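Here is a brief report on one chain.

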Amino acid sequence: MAAKAITIVGGGLAGLTLGISLRQRDVPVTVWEAGHYPRHRVCGEFISGRGQETLSRLGLRELLERAGAVSASTAAFFSATQSSPPRSLPTRAICLSRFVMDELLANGFQMLGGELRIGQRWPVVGVRASACPDRLKPELQPEGVVRATGRRAQTEENGSRWFGLKVHARNVPLIADLEMHISPRGYVGLCRVDGGAVNVCGLFRRRASEGDTPQNWPRRDLRGWREWLRGQNGSPLHQRLAGAEFDESSFCAVAGISLRPQRAAARAECCVGDAITMIPPVTGNGMSMAFESAELAIEPLAAWSGGEISWAETRQTLAYRCDAAFARRLAWAKWLQQMMLAPSLQNALVRFVARSEWFWRTAFERTR
Ligand SMILES: Cc1cc2nc3c(=O)[nH]c(=O)nc-3n(C[C@H](O)[C@H](O)[C@H](O)COP(=O)(O)OP(=O)(O)OC[C@H]3O[C@@H](n4cnc5c(N)ncnc54)[C@H](O)[C@@H]3O)c2cc1C
């Protein structure tokens with residue numbers, strides 16, 4: 001029997017990694033990607049966690065390293081008034097711009113014979129859920145279709161709106177490979193990426209009543225994003241970025257972020273990456289989860305393609321594997337982010353990271 005074809009909706013990290021790994025097993029695959037390559041994405045560009053092993057197993061890590069991925073081995077934390085000295089990362093991370101990485105994977109997928117439909121949006125039609133007639137839920141995908149469409153947009157969560165901003169800069173002196181600057185309105189991560197640039201990426205929240213988020217900003221409202229990313233006057237972040245030369249062509253923004261953990265088993269579709277759920281970006285583990293979930297999907301999808309199991313079994317197996325792999329780290333990450341964003345705890349947290357090796361290692365390891 002001829003192998004059944006798989007369609008992957010979304011050519012981001014999860015979709016392309018899955019596409020590559022299925023092509024490595026000769027499964028026929030088409031990836032639909034609404035956008036184009038190369039493109040900048042809002043992302044800290046800091047890959048930390050088990051996904052690095054996935055990349056090695058799939059032969060992709062070397063590809064990223066050859067493209068200039070920078071190795072990171074230290075991190076330092078800052079609040080508006082406190083700072084921790086650089087600490088060793090219990091395991092190394094790698095940093096590579098999404099501008100380079102997504103295109104690299106897209107080319108790799110095509111070189112393996114995958115069909116990539118660039119600039120084509122798969123029609124995810126909304127249908128009214130009977131239990132909740134005011135809200136739209138995505139229509140079930142037909143058999144053989146995997147959802148890798150990234151985060152599910154949500155305008156508001158507990159009265160707050162989350163949004164992310166990212167820009168590359170030069171002339172930013174760092175004392176550690178990753179610097180994490182926290183403030184009551186969010187956090188900004190700084191890390192070196194390929195080509196000698198420093199990625200400046202922040203996650204912020206606004207009360208819904210405060211009005212505009214980036215979706216509504218004019219495309220190049222420079223004053224707005226600079227102020228958010230630079231942080232409070234006099235803070236260590238503000239000092240770091242004092243002489244920064246921003247590459248404005250790399251600026252991007254995203255709004256409607258939901259950080260409430262979801263279970264894969266609760267999804268009616270076969271999903272990988274952020275389409276399952278998003279882990280708080282402070283962990284630097286979202287890309288890892290995209291790679292890991294793609295790897296977890298290979299075997300069930302290849303078995304479905306070969307006619308060995310049904311689509312329902314495929315979906316259940318993948319969901320079970322993802323929940324088993326991610327549930328604990330999602331719970332820890334939620335807790336960590338809540339602590340980081342509580343203004344009364346921020347200084348104490350930075351002091352704690354500075355003094356307690358146990359706390360640092362535990363927080364690092366449990367969120368990966
Ligand atoms: C502020 C911020 C900072 C972050 N920092 C980090 C970090 O430092 N480290 C880390 O590991 N992670 C980080 N992340 C998370 C990381 O970016 C995501 O986890 C990762 O991009 C998920 O990959 P994905 O493939 O699931 O989704 P994406 O990379 O978002 O890809 C989804 C793709 O699907 C396409 N698509 C959507 N709908 C359709 C459709 N209907 N038809 C066709 N195509 C479609 C989109 O165009 C997109 O290309 C951060 C996220 C944010 C918001």
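Of the 368 residues of the chain, 54% count as buried. Buried means under 20% relative accessible area, exposed over 50%, and partly exposed in between, with a 1.4 Å probe and protein chains only. This is a predicted model: local features need pLDDT of at least 70, side-chain atom pairs count only at pLDDT 80 or more, and totals for chains, interfaces and linings use all residues. Residues are numbered from 1 along each chain as its sequence is written, and side-chain values use heavy atoms, with hydrogens and water left out.

**Overall build**

The chain holds 10 helices and 15 strands. Both are DSSP runs numbered from the N terminus: helices are H or I with at least four residues, strands are E with at least two. The radius of gyration is 20 Å, close to the 21 Å that the globule rule gives for 368 residues, so the chain is as compact as a globular protein of that length. That radius is taken over C-alpha atoms; the rule is 2.2 Å times the number of residues to the power 0.38. Along the principal axes, the C-alpha atoms fill a box of roughly 65 × 50 × 40 Å.

**Strand pairing**

An open sheet of 5 strands runs in the order β6-β2-β1-β9-β15, with parallel pairing. Its edge strands, β6 (115-118) and β15 (270-271), each pair on one side only. Two strands pair if DSSP finds at least two bridges between them.

| Pair | Sense | Bridges |
|---|---|---|
| β2 and β6 | parallel | 4 bridges |
| β4 and β11 | parallel | 4 bridges |
| β11 and β12 | antiparallel | 6 bridges |

**Strand β11**

How many residues of strand β11 are buried? The count is 6 of the 6 in 178-183, so β11 is largely enclosed by the rest of the structure. Both faces are covered: L178, M180 and I182 are buried on one side, E179, H181 and S183 on the other. M180 is the bridge partner of F77. S183 stands opposite G186 in β12. β11 and β12 form a hairpin with 2 residues between them.

**Helix α10**

Helix α10 (residues 357-366) buries F359, W360, T362, A363 and F364. Their cover includes β4 (70-78), β5 (87-95), α8 (311-341) and α9 (343-355).

Notes:
Contact means heavy atoms within 4.5 Å.
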